[in-house]
Amino acid sequence: MSSLLAAAIVLSGCQSIIDQTYTTDLKPSSNPQIVDTVQKNDPRAAMGAREHPRIVASYGGEYHDAKTERLVARIAGALTAVSENPNQSYRITILNSPAINAFALPGGYLYVTRGLLALANDASEVAAVLSHEMGHVTANHGIERQKREEAEVIASRVVAEVLSSDLAGKQALARGKLRLAAFSRQQELQADVIGVRMLGEAGYDPYAAARFLDSMAAYARFSSVDPETDQSLDFLSSHPNAPQRVELARQHARAFGQEGTVGDRGRDYYLTGIDGLLYGDSPEEGYVRDQTFLHGGLGIRFDVPPGFRIDNKAEAVLATGPDETAIRFDGVEAPENQSLTNYLTSGWVAGLLPNTVQDTTVNGLPAATAKASAERWDFDVTVVRMDKRIFRFLTAVPKGNTTLQATAETLRNSFRKMTPQEAASLKPLRVRVVTAQPGDTITTLSARMMGTDRKLDLFRLINALPTGAAIVPGQRVKIISE
């Protein structure tokens with residue numbers, strides 16, 4: 001979604017003149033206030049425009065849903081009306097990514113992922129995120145900050161030690177998730193102050209900023225294999241979440257009144273606006289269902305062993321398991337007549353042991369396997385051909401770990417073509433808003449969740465329900481289902 005919100009430019013010039021005579025000669029303006037007109041000759045907007053295509057590509061494209069777009073436009077419009085710079089226009093883009101992130105580029109380019117919208121529980125929480133990012137734009141932090149970006153590391157640490165070339169090539173460069181250079185702590189705190197003030201003046205709950213920071217931190221702990229070191233939650237990776245900062249947000253909010261007594265949360269219309277929102281993996285990237293990865297477009301599926309957690313990235317499927325075991329799966333285009341053993345020894349695997357290369361089959365598909373060794377890691381490399389594509393499994397364990405063979409065999413033995421019926425039955429997960437009926441409890445409602453083996457925990461998280469909370473009839477809650 002790319003919507004122009006130039007509130008003061010349009011709203012302040014709009015006079016309400018009521019004429020009792022109805023006329024039918026209304027026409028579109030010959031000089032509409034579109035974003036390109038408003039931002040013409042603005043060097044900051046030009047800077048944002050240059051980066052916009054890369055940002056969109058790296059986060060899976062734009063997410064289009066008219067209902068959700070109207071919701072975000074409504075929230076951002078209310079904030080723009082109280083902006084310190086009423087002449088600033090904004091392009092709001094919803095990114096088609098399950099990551100939880102929001103950020104801004106110079107010139108009023110604002111971005112929010114559908115993953116963040118799914119986690120938020122009301123309009124004031126999204127307003128808190130957007131007002132913070134608007135604060136960066138208002139304060140020109142993007143101009144002050146050195147313009148530098150770095151491609152996200154595509155392979156994990158252990159994978160990087162065995163691959164001697166860029167596996168994903170130009171596609172990874174375009175789609176690899178980019179991390180914007182972090183703002184300074186002073187700039188973050190300044191954006192916090194501006195954001196909370198905008199929240200309160202727009203009529204939203206000013207305590208939403210602190211509340212949603214807590215929700216994001218809780219989700220980070222839930223989704224992380226190692227909560228102390230994992231940086232998968234993008235927003236918290238680029239926006240420091242020190243407890244002192246959360247408390248400062250609450251202090252700024254107190255200027256508007258006592259918590260729970262001021263501002264609108266906008267929960268009801270927010271839940272209506274995100275009902276049906278795509279959740280988790282998009283169909284183009286395949287699906288994770290418990291220990292299984294399925295891709296209807298490619299017509300493939302495979303399982304990881306019990307105890308492993310799958311992370312479906314745009315450029316590869318990664319999985320981590322006990323004892324530092326790591327798995328990477330991806331696919332490349334390849335000529336049908338290329339020998340798989342020759343492909344294995346073509347130089348893309350560092351530390352390959354040539355005497356271990358052998359031809360085999362995997363559920364009727366031609367395949368080849370090999371072992372590799374680098375630094376303190378042992379590897380199993382399996383390649384499988386299907387039509388004009390070669391699919392690749394890389395399994396890594398610390399040297400001396402005896403689980404390498406069993407883990408690699410689980411992957412190989414489970415990899416197969418999907419039947420047309422299986423592919424057709426795949427449906428994406430979505431946020432569904434349901435109304436609690438008499439007799440419903442947290443337990444009964446969470447049992448309806450799909451796509452996770454921790455249904456109760458995820459249900460509590462996406463609904464921000466504290467321990468001991470109860471569900472009452474008529475209460476609207478989010479569940480994840482097809």
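Predicted model: local features only at pLDDT ≥ 70, side-chain atom pairs only at ≥ 80, totals over all residues.
Residues are numbered from 1 along each chain as its sequence is written. Local features need pLDDT of at least 70 and side-chain atom pairs count only at pLDDT 80 or more, while totals for chains, interfaces and linings use all residues, and side-chain values use heavy atoms, with hydrogens and water left out.

Reader: How many residues of strand 15 are buried?
Author: Strands are DSSP runs of E with at least two residues, and helices are runs of H or I with at least four, numbered from the N terminus. Buried means under 20% relative accessible area, with a 1.4 Å probe and protein chains only. Strand 15 covers residues 365-374 and is mostly covered. Its buried residues number 7 of 10.

Reader: How many bridges join strand 15 to strand 16?
Author: Two strands pair if DSSP finds at least two bridges between them. Strand 16 (residues 377-386) runs antiparallel to strand 15, and K371 has D380 as its bridge partner in strand 16. The bridges between strand 15 and strand 16 number 8.

Reader: Which residue takes a positive phi in the hairpin of strand 14 and strand 15?
Author: Strand 14 (residues 358-362) runs antiparallel to strand 15, joined by 5 bridges. V362 stands opposite L365. The hairpin has 2 residues between the strands, and the residue with a positive phi near 50 degrees is N363.

Reader: Is helix 11 roughly parallel or roughly antiparallel to helix 13?
Author: Axes are lines fitted to C-alpha atoms over the stretch in contact, and angles run from 0 to 180 degrees between N-to-C directions. Helix 11 (residues 208-223) and helix 13 (residues 243-253) pack at about 155 degrees, with axes 8 Å apart. Angles under 35 degrees count as roughly parallel and over 145 as roughly antiparallel. Helix 11 is therefore, relative to helix 13, roughly antiparallel.

How values were computed: Buried < 20%, exposed > 50% of the residue type's maximum accessible area, 1.4 Å probe, protein only. Parallel < 35°, antiparallel > 145°, perpendicular 65-115°, else oblique.
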